[in-house]
Amino acid sequence: MKSKARIALLLFSTALVLAPSIVVAEDPLEAFGALVEGRWTAGDSRQEFEWGVGRRAVRARSYYKTEQGWTLVGEGMWFWDPAQEVIRGVVVAMAMPIDLFEYRSEVQENEIVHDLAAHGPAGGKFVERWRFAGDEYHWTLEGGPEPMTATYRRD
């Protein structure tokens, strides 16, 4: 009987020693989604972000304002890629000089920094930044002839 008690105690102590080393990594996409979730507008441009299936993706839609209302011009998603250990995004677009955007994104406190490969007539490599402050974010695109900027406000 004493040997069974010793085995049980040994198994219990081993479990206690191993348990603290089992750490669930924080999901980087959770921080991304917490910043972007919602609808954001800057003049004639609107961005909408929502959680996808099981909070394993963030869906995005881009709109442009016309006389008839808001017209969908882009759609895509961001997700955590465990093989490359990076947040990746892909957005397809129409009615712009870019057909496809490929993102590699990193959350740095209240800023998301994207290494961006844009494909199409105005394509190239860019750095896109979203700096969040309360219910707005400042957008910049660097790498073209001139930096582009806008301030989006949460609707």
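Predicted model: local features only at pLDDT ≥ 70, side-chain atom pairs only at ≥ 80, totals over all residues.
Reader: What makes a set of strands a barrel here, and which strands are in it?

Author: Strands are DSSP runs of E with at least two residues, while helices are runs of H or I with at least four, and both are numbered from the N terminus. Two strands pair if DSSP finds at least two bridges between them. In this model 10 strands form a closed barrel in the order β1-β2-β3-β4-β5-β6-β7-β8-β9-β10, with antiparallel pairing.

Reader: How do you know that β6 and β7 are paired?

Author: Strand β6 (residues 100-108) and strand β7 (residues 111-119) share 9 bridges and run antiparallel, and pairing asks for at least two. Within this pair, S105 stands opposite H114 in β7.

Reader: What joins β3 to its neighbours β2 and β4?

Author: With β2, strand β3 (residues 57-66) pairs in the antiparallel sense over 7 bridges, and E48 stands opposite R61 in β3. The hairpin of β2 and β3 has 5 residues between the strands, and G54 there takes a positive phi near 55 degrees. On the β4 side, 10 bridges join β3 to β4 in an antiparallel arrangement, V58 has W78 as its bridge partner in β4, and the hairpin runs through 2 residues.

Reader: What happens around β9?

Author: Strand β9 (residues 136-142) is joined to β8 by 7 antiparallel bridges, with R129 opposite T140 in β9. The hairpin of β8 and β9 has 2 residues between the strands, and G134 in the turn has a positive phi of about 65 degrees. Strand β10 (residues 148-154) pairs with β9 in the antiparallel sense over 6 bridges, and H138 stands opposite T151 in β10. In the hairpin of β9 and β10, with 5 residues between the strands, G143 takes a positive phi near 120 degrees.

Reader: Why is the pair of F49 and W130 called tilted?

Author: Rings of Phe, Tyr and Trp (its six-membered ring) pair if their centres lie within 6.5 Å; planes under 30 degrees apart count as stacked, over 60 as edge-to-face and the rest as tilted. By this rule there are 12 aromatic pairs. For F49 and W130 the centres are 5.6 Å apart and the planes stand at 55 degrees, so the pair is tilted. This pair links distant parts of the chain: F49 is in strand β2 (residues 45-51) and W130 in strand β8 (residues 124-133), 81 residues apart.

Reader: Why are F49 and W130 called buried?

Author: Buried means under 20% relative accessible area, exposed over 50% and partly exposed in between (1.4 Å probe, protein chains only). F49 has 5% relative accessibility, so F49 counts as buried. W130 has a relative accessible area of 3%, so W130 is buried too.

Reader: Why is the pair of W78 and W130 called edge-to-face?

Author: The ring centres of W78 and W130 are 5.7 Å apart and their planes stand at 70 degrees, so this pair is edge-to-face. W78 is in strand β4 (residues 69-81) and W130 in strand β8, 52 residues apart. Ring pairs link these residues into a cluster whose members include F32, F49, W78 and W130.

Reader: How do you know that the buried residues of α2 line one face?

Author: Helix α2 (residues 28-36) has L29, F32, G33, L35 and V36 as its buried residues. Seen down the axis of α2, they fall within an arc of 160 degrees, so they line one face of the helix. That arc is taken from the directions from the helix axis to the C-beta atoms.

Reader: Why is R46 called buried?

Author: R46, in strand β2, has a relative accessible area of 12%, so R46 counts as buried.

Definitions and conventions. Residues numbered from 1 in each chain as written. Heavy atoms only, no water.
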